[in-house]
Number of protein chains: 8
Amino acid sequence: MSQSLSVYLSGEIHTDWRERIADGVQAASLPVVLTGPVANHASSDECGVAILGDETASFWKDHKGAKLNAIRTRTLIENADVVVVRFGDKYRQWNAAFDAGMLAALGKPYVTLHGEEHVHALKEVDAGALGWATTVDEVLDVLAHVVRP
Amino acid sequence: MSQSLSVYLSGEIHTDWRERIADGVQAASLPVVLTGPVANHASSDECGVAILGDETASFWKDHKGAKLNAIRTRTLIENADVVVVRFGDKYRQWNAAFDAGMLAALGKPYVTLHGEEHVHALKEVDAGALGWATTVDEVLDVLAHVVRP
Amino acid sequence: MSQSLSVYLSGEIHTDWRERIADGVQAASLPVVLTGPVANHASSDECGVAILGDETASFWKDHKGAKLNAIRTRTLIENADVVVVRFGDKYRQWNAAFDAGMLAALGKPYVTLHGEEHVHALKEVDAGALGWATTVDEVLDVLAHVVRP
Amino acid sequence: MSQSLSVYLSGEIHTDWRERIADGVQAASLPVVLTGPVANHASSDECGVAILGDETASFWKDHKGAKLNAIRTRTLIENADVVVVRFGDKYRQWNAAFDAGMLAALGKPYVTLHGEEHVHALKEVDAGALGWATTVDEVLDVLAHVVRP
Amino acid sequence: MSQSLSVYLSGEIHTDWRERIADGVQAASLPVVLTGPVANHASSDECGVAILGDETASFWKDHKGAKLNAIRTRTLIENADVVVVRFGDKYRQWNAAFDAGMLAALGKPYVTLHGEEHVHALKEVDAGALGWATTVDEVLDVLAHVVRP
Amino acid sequence: MSQSLSVYLSGEIHTDWRERIADGVQAASLPVVLTGPVANHASSDECGVAILGDETASFWKDHKGAKLNAIRTRTLIENADVVVVRFGDKYRQWNAAFDAGMLAALGKPYVTLHGEEHVHALKEVDAGALGWATTVDEVLDVLAHVVRP
Amino acid sequence: MSQSLSVYLSGEIHTDWRERIADGVQAASLPVVLTGPVANHASSDECGVAILGDETASFWKDHKGAKLNAIRTRTLIENADVVVVRFGDKYRQWNAAFDAGMLAALGKPYVTLHGEEHVHALKEVDAGALGWATTVDEVLDVLAHVVRP
Amino acid sequence: MSQSLSVYLSGEIHTDWRERIADGVQAASLPVVLTGPVANHASSDECGVAILGDETASFWKDHKGAKLNAIRTRTLIENADVVVVRFGDKYRQWNAAFDAGMLAALGKPYVTLHGEEHVHALKEVDAGALGWATTVDEVLDVLAHVVRP
C-alpha cells in the first residue's frame with residue numbers, strides 16, 4: 001500500500017492491549033495510524049455531567065456521557081480503514097458489540113480480538129468480521145500483511 | 001397511520017416476551033406486523049452444521065449457524081419500520097447489541113427493553129435508541145402511540 | 001400516475017389545514033394517501049412521560065416525547081413520495097424546519113405552505129423546496145397536477 | 001485523535017459566539033478547524049441580487065441569496081466532522097433548525113447551543129443532537145473532550 | 001419475471017410514441033406498467049404560474065413550472081425499474097438528457113430511443129445506457145425480452 | 001416470516017438446478033418467490049443483435065446482448081431478499097462471480113452452490129457469502145430455515 | 001473557508017470561458033482549484049478509436065470515446081465541491097445537461113452559465129441548480145462569495 | 001487533472017503486467033498512484049492459516065486467507081479513482097470478476113485488460129466497464145488520456 005492505513009481500536013479499555021499494538025506498530029515501522037475512544041475510564045464515564053451539567057437520574061448521567069463519547073467514536077470509525085474490536089474477560093462490553101454492528105452495516109472491514117471462551121457468545125459478531133485474532137501479536141501480523149508493499 | 005407498521009423483535013429468545021407483545025397487539029387490534037429471528041434455540045444454534053455439513057471446530061460450527069441466521073435477520077431488519085431490542089437477565093447477548101449497532105448505522109428507529117440494572121452497561125446502546133422501556137406494556141403503549149390514527 | 005401518491009403533512013398542528021386538505025382530496029377523488037404526525041397536541045407533548053415514566057427536568061420530559069414522536073415521523077417521512085411543510089402564525093415551529101432539512105438531505109420533494117410574512121425568515125427552507133403555496137387550495141391544485149392521468 | 005477535527009458553526013450570526021469559540025480553541029491549542037456560513041449579515045442577505053441581478057419580488061431576491069449561500073453551507077456541512085448549531089434570542093432562525101434536520105438525516109453528529117427558554121420549542125432538534133450546551137465554555141469543553149489524546 | 005415491470009417513458013412529448021408503446025404492451029399482454037411526465041404541453045409549461053401565482057419574468061415562470069413537474073418526474077423515476085429516454089427531431093430536449101444523467105448517477109437502467117442522426121451528439125447519454133433503440137418496435141422487443149417468463 | 005421471501009437464482013444456465021429448486025419449494029409449500037435470468041441460452045446470447053440490429057464484430061454483438069440482459073438481472077437482483085449463486089462444471093462463468101461481487105458491494109445476502117473442486121478458486125466469492133451449499137437439497141433446507149414461522 | 005474549493009467546469013469546449021475563469025481566479029487569488037474535461041475537441045472525440053482500436057460503425061467509435069472520457073469526467077465530478085455547467089450558442093450540448101442530471105441526483109451544488117435565449121429550454125436544468133449566471137464575471141463573483149473568509 | 005489519479009490493479013498475479021504498467025507510468029511521468037493486492041502468490045494463499053492458526057479443512061484455510069486479503073482489497077478499491085481488471089490465460093480468476101462486480105455496484109469506473117479469446121465469456125464484465133484494452137500499452141494510453149492537463 002502506498003498510503004498509511006487508519007486503524008481504530010474499539011472495545012475494552014481496562015487492559016494495555018492498545019499500548020501493545022502501538023508498540024508493535026512502532027517496532028515494525030508499519031505505515032499504520034492508530035485511533036481509539038477516550039481510554040481514561042473515569043473521564044469517559046463522567047464526561048456528560050462534568051461538562052454539560054449534573055443529573056439526578058443515573059440513566060441521564062450515562063446518556064449524556066455516552067452521547068458525547070459517540071461524537072468521537074462515530075467520527076473516528078467512519079474515517080477508519082479497518083477496525084479491531086476487542087472483547088476482554090470482564091464486564092458486558094455491549095458497546096464493543098454495538099460498534100461491530102455499526103461496522104457490519106457500513107460495510108467497513110473489522111477483525112475481532114478475543115479468547116476462545118467467547119466464541120459461542122460472539123458468533124454473530126464474528127460472522128460479520130474478516131478475521132478473529134486471539135493475541136495482540138496476531139493482530140500485528142494481520143496489519144503487517146494488509147500493508148505489505 | 002394508514003398502513004400497518006412492521007416491527008422486528010430483536011434479542012433475548014429465552015423468555016416469552018415476544019408472545020406477550022403479540023398478544024397485546026392482537027388484543028388492541030393494532031395495525032402492527034411482528035417479525036423476529038428463529039426463536040427455537042436449538043434450531044438457531046445447530047442450523048449451520050445440520051444443513052451445510054458437520055464441523056469439528058466449534059468456531060466453524062457457530063460461524064456457519066450465525067451466517068445462516070443472518071440471512072433472515074438482516075432481511076427482516078432492513079424491511080422493518082421499527083425494532084425493539086430486548087436484553088434479558090441471562091447470557092451476554094452480544095447479538096442484541098450487534099443488531100442495535102446495525103440499526104444505529106442504518107438510521108432505523110429502535111427502542112430498547114431492559115431492566116434498570118443494565119442501564120450503565122447499555123449506555124451506548126440506549127444513546128442510539130429512540131426510547132427505553134422496562135416492561136412489555138410500555139412497549140405496547142409505544143407501538144399504540146406510533147400507529148394512532 | 002398509475003399508483004396513488006403518498007403525501008406527508010408536516011408542521012403546524014393548531015389549525016385545521018390537514019382536515020381541509022383531506023376534504024379536498026376526497027372531493028376531487030385524487031389518488032392521494034395522506035399521513036401526518038400525531039396531531040393531538042397534548043398526546044404529542046406528553047407521550048414520553050405518560051408511557052415511559054415521569055421526569056423531573058422539563059428537558060428530559062420533552063426529550064422522551066420528541067423521540068417517541070420521531071419513530072412515527074421518520075417512518076412516515078421516509079415512506080412518503082412528497083411532503084407538505086406548513087408554517088402557521090404562532091409558535092417557533094422549529095420542528096417543521098427540522099423536517100424540511102431532513103427532506104432536503106434525503107432528496108425528497110417537498111412544498112412549503114406559509115404566508116407572505118414569513119418569506120424572508122424561511123428563505124433557506126424555501127430554497128430547498130419544489131414550490132411555495134400560500135393557501136390550501138394551491139396545495140390541492142399542486143397535488144392534482146402531480147397525479148393527473 | 002491523531003488528526004484535527006473539522007467543526008462547522010451553524011446558526012445565529014448576530015452575536016460574537018463564533019469568535020469566542022475561535023478564541024477558546026486557540027487558547028487551548030485544540031486541533032480543531034472551525035468553519036461557518038458567511039457571517040456578514042448584509043452580504044449574506046444581498047448576495048443573490050448583488051451578484052446575479054436584481055429582482056422586483058422579495059421572494060426571488062431571498063431565493064437567489066439563499067441558494068448562493070447554500071453552495072457554501074452544504075459543502076462545509078458535508079465536509080465537517082461535527083457541527084454546533086446555535087439558537088440565539090432573536091429572530092426565528094429556521095435556517096438553524098433546517099441545518100439540524102440535514103445533519104440528522106446525514107447521520108452527522110451535532111451539538112446544540114441555546115438557552116433554557118428554548119428547551120420545549122427545540123425538543124425535536126435536541127432529540128437528534130448528541131448534546132445540548134448552554135454556554136460557549138461548555139462547547140469548548142465538549143470539543144476538548146472529543147479531541148483529547 | 002414474476003412481478004410486473006415499472007417503465008417510465010422520459011423525453012419528447014410532441015409525438016405519439018408513448019401511445020404506441022402502450023398499444024404494443026397491451027397487444028402483447030406484457031406485464032409492464034407504464035408511467036411518464038404530464039404530456040399535455042400547455043399544462044406542463046403553465047402549471048407553475050397557473051397554480052402558484054403569476055410571474056413577470058419568464059425565468060421564474062419557467063422555474064416554478066419546472067419544479068412542480070419535478071415532483072412528479074423524480075417520484076416516478078425513482079419508483080421505475082427501467083426508463084426509456086426518447087429524443088425526437090425537434091427542440092433541444094435538455095430535459096431528456098438531464099433525466100438520463102440522473103438515471104446514470106442512480107445506477108438505474110435506461111434505454112435510449114433516437115434516430116441515427118443524433119448518435120454523435122448523444123454519445124455521452126448513450127454511453128450510460130443499456131441499449132439504443134431506433135424504433136418503438138425495438139423498445140417493445142426489449143421490454144418483451146426483459147419480462148419473458 | 002410473515003411475508004414471502006424473494007430469491008434470485010444466479011449463474012449456471014445449462015443444467016436443471018433452477019427447476020429442482022422450484023420443485024422443492026412447491027413440494028414444501030415454502031413462501032418463496034423465485035426469479036432468475038433469461039435461462040434460454042440462445043435467446044440470452046442473441047438478444048442484442050436480434051432486437052437492436054446486427055453487428056460484424058463479435059465484441060459488440062456480445063456487448064449489446066449482455067447489456068439487455070443486465071436490465072433484467074440488475075432489476076431482479078436489487079429486488080431480491082437473498083440470492084443463490086451457482087457455479088457448475090463447465091465454462092468460465094465469470095458472470096456468476098460478477099453477480100456475487102455486486103451482491104457483496106450491495107450488502108445483500110447470498111449463498112453459493114458449487115462442488116468441492118472449486119473451493120480454492122472461489123475463495124473470494126465464498127468469503128463474501130453467508131453460506132456454501134453443495135447440493136440443491138441443502139439450498140432448499142437453507143430456504144426452509146430462513147422462512148420458518 | 002479554510003480550505004480551497006474544488007470547482008469542475010462542465011460543458012461547452014469551443015470558447016475560452018474556462019481560461020477566463022482561470023484568469024479571474026488567479027487575478028483575485030481565490031482559493032479555488034479548477035478542473036474540467038479534456039478540452040481538446042479532436043482528442044476528446046477521437047480518443048476511443050485512437051487508443052483502443054478502430055471501429056467501422058460511427059456509433060461504436062463515439063461509444064468508445066465517450067466511455068473513456070467518462071472515466072475522467074465522473075472522477076472529477078465526484079471529487080468536486082461545486083460545478084459550473086456552461087451552455088453555449090452552438091451544438092446540442094446534451095452532455096452538459098447529462099452532467100447536470102448527475103449532479104442533481106448526487107445532491108452536489110451546481111450553477112449554470114448560459115444566455116437569456118436558453119431560459120425556457122433549460123428550465124429543468126436550472127430548476128436543479130443553485131444559481132444561474134449569464135457572464136463569466138458573475139461566476140467569478142459567485143465563487144468569491146462562496147470562499148470569502 | 002490537478003491531482004494525481006489513484007489506480008488499483010486487480011486480477012492476475014502470475015505475470016509481470018503490474019510492473020510494466022508501473023514502468024510506463026514512471027517513464028511518462030504520469031501523475032498516477034498505483035495500488036494492488038498482495039501479489040506474492042504464496043503469501044496471499046497462506047496468510048490466513050499462517051497468521052490466525054492452522055485449519056484441517058481446505059475450505060476454512062482458504063476462507064481465512066480470502067478474508068484477510070479482502071481487508072486490503074476492499075480498502076484500496078474504495079479509495080481508488082479507477083480500476084484496471086486483468087484476466088490472463090490461466091486459472092479461473094473468479095476473484096477478478098468478483099472485483100468487477102463490486103466496482104459496477106459501487107459505480108466506480110473500471111477498464112478490463114484481456115485477450116480476444118475471452119470476449120464472449122467476459123461479456124457481462126465488459127458490459128459494466130468503461131473500456132476494454134488488450135495490451136499494457138493501451139492501458140497506459142488510457143491513463144495518459146485521463147490525466148492529461
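## Chains without contact

Two chains are in contact when heavy atoms lie within 4.5 Å. In this predicted model, chain D and chain H do not touch, and their nearest C-alpha atoms are 17 Å apart. Chain B and chain G likewise do not touch; for this pair the nearest C-alpha atoms are separated by 19 Å.

## Interface of chain B and chain A

Contact between chain B and chain A involves 37 residues of chain B and 37 residues of chain A. Together the two chains bury about 3300 Å², with 67% of that area on carbon and sulfur atoms.

Two salt bridges are counted between chain B and chain A. Lys123(A) pairs with Asp45(B) in a salt bridge whose closest N and O atoms are 3.4 Å apart. On the side of chain B that touches chain A, two or more residues come from each of α3 (58-79), α4 (94-106) and α5 (123-127) of chain B. The largest share belongs to α4(B), with 10 residues. By class, this side of chain B holds 19 nonpolar, eight polar and 10 charged residues.

## Interface of chain F and chain H

Chain F and chain H each give 37 residues to their contact. The area buried between chain F and chain H is about 3300 Å², and carbon and sulfur atoms account for 67% of it.

Across this interface there are two salt bridges. Asp45(F) and Lys123(H) form a salt bridge through their side chains, at an N to O distance of 3.4 Å. Between chain F and chain H, 10 residue pairs are in polar contact, both residues being at pLDDT 80 or more. The side of chain F that touches chain H draws at least two residues from each of α3, α4 (94-106) and α5 (123-127) of chain F. Here α4(F) provides the largest share, 10 residues. The residues on this side of chain F comprise 19 nonpolar, eight polar and 10 charged.

## The largest pocket

Two or more lining residues come from each of α3 (58-79) of chain A, α3 of chain B, α3 (58-79) of chain C and α3 (58-79) of chain F.

By class, the lining of the largest pocket has 13 charged, eight polar and seven nonpolar residues.

Definitions and conventions:
Residues numbered from 1 in each chain as written. Chains lettered and ligands numbered in written order. Predicted model: local features only at pLDDT ≥ 70, side-chain atom pairs only at ≥ 80, totals over all residues. Heavy atoms only, no water. Buried area = accessible area lost by both parts, 1.4 Å probe. Salt bridge = Lys/Arg side-chain N within 4 Å of Asp/Glu carboxyl O. Helix = DSSP H or I, 4+ residues; strand = E, 2+ residues; numbered from the N terminus. Nonpolar A, V, L, I, M, F, W, Y, C, P; charged D, E, K, R; others polar. Polar contact = N/O pair within 3.5 Å; in protein donor to acceptor, adjacent residues only side chain to side chain.
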